[in-house]
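Student: I would like a close look at one part of this model. Please take it slowly and join it to what surrounds it.

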Amino acid sequence: QVQLVESGGGLVQPGGSLRLSCAASGFTLDYYAIGWFRQAPGKEREGVSCINSSDGSTYYADSVKGRFTISRDNAKNTVYLQMNSLKPEDTAVYYCARDTLGCTTGSFGSWGQGTQVTVSS
């Protein structure tokens with residue numbers, strides 16, 4: 001069964017850090033681009049970051065550039081999102097998804113259940 005499971009969310013103070021994990025099962029992560037997305041209450045889902053399988057190239061939303069880092073550990077079949085200097089506006093449910101064609105095609109699927117990130121003092 002193809003599955004992506006996010007973990008690592010929680011409550012953190014502004015300026016703090018969290019590392020999210022996206023663990024894949026039922027398929028080999030090596031062959032897929034993996035994207036991180038987030039959805040805040042009352043807002044549309046937005047793309048946060050993505051990492052390609054072919055060359056490891058990465059993409060970031062302007063709002064997180066310089067603060068978030070995406071990486072993948074194919075041996076563990078897991079993609080990570082290191083989030084530093086967190087801001088209250090980063091509060092959202094974070095999801096990961098896979099794309100067979102790459103980060104820029106917009107055909108993501110196999111969405112995980114999400115993990116809540118709350119940035120608040």
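Which residue lies over the face of Phe37, and at what distance from the ring centre?

Tutor: Arg45 lies there, 5.9 Å from the ring centre of Phe37. A charge counts as sitting over a ring when NZ of Lys or CZ of Arg is within 6 Å of the ring centre and within 35 degrees of the ring normal. Arg45 has a second ring as well: its charged end sits over Trp111, 3.8 Å from the centre.

Two notes on the source. This is a predicted model, where local features need pLDDT of at least 70 and side-chain atom pairs count only at pLDDT 80 or more, while totals for chains, interfaces and linings use all residues. Residues are numbered from 1 along each chain as its sequence is written, and side-chain values use heavy atoms, with hydrogens and water left out.

Now the rings themselves. Rings of Phe, Tyr and Trp (its six-membered ring) pair if their centres lie within 6.5 Å; planes under 30 degrees apart are stacked, over 60 edge-to-face, and the rest tilted. The count by this rule is 3 aromatic pairs. In one of them, Phe37 and Phe108 have ring centres 5.0 Å apart and planes at 75°, so they are edge-to-face. This pair links distant parts of the chain, 71 residues apart: Phe37 is in strand E4 (residues 33–39), and Phe108 is in the loop between E9 and E10. Strands are DSSP runs of E, at least two residues long, and helices are runs of H or I, at least four, numbered from the N terminus. Ring pairs join Phe37, Phe108 and Trp111 into a cluster.

Buried means under 20% relative accessible area, exposed over 50%, and partly exposed in between (1.4 Å probe, protein chains only).

E9 (residues 92–99) and E10 pair in the antiparallel sense over 3 bridges. Two strands pair if DSSP finds at least two bridges between them. Tyr94 has Thr115 as its bridge partner in E10. E10 also pairs with strand E2 (residues 10–12), in the parallel sense and over 3 bridges.

E10 itself runs over residues 115–119. In a regular strand the side chains alternate between the two faces of the sheet.

E1 (residues 3–7) and E3 (residues 18–25) share 5 bridges; Glu6 is partnered by Cys22. E3 and E8 (residues 78–83) share 6 bridges, with Tyr80 in E8 as the partner of Ser21.

Finally, another arginine. Arg67 is in the loop between strand E6 (58–60) and strand E7 (68–73). It counts as buried because its relative accessibility is 9%. Leaving aside neighbours within four places in sequence, Arg67 has contacts (heavy atoms within 4.5 Å) that include Gln82, Met83 and Asp90.
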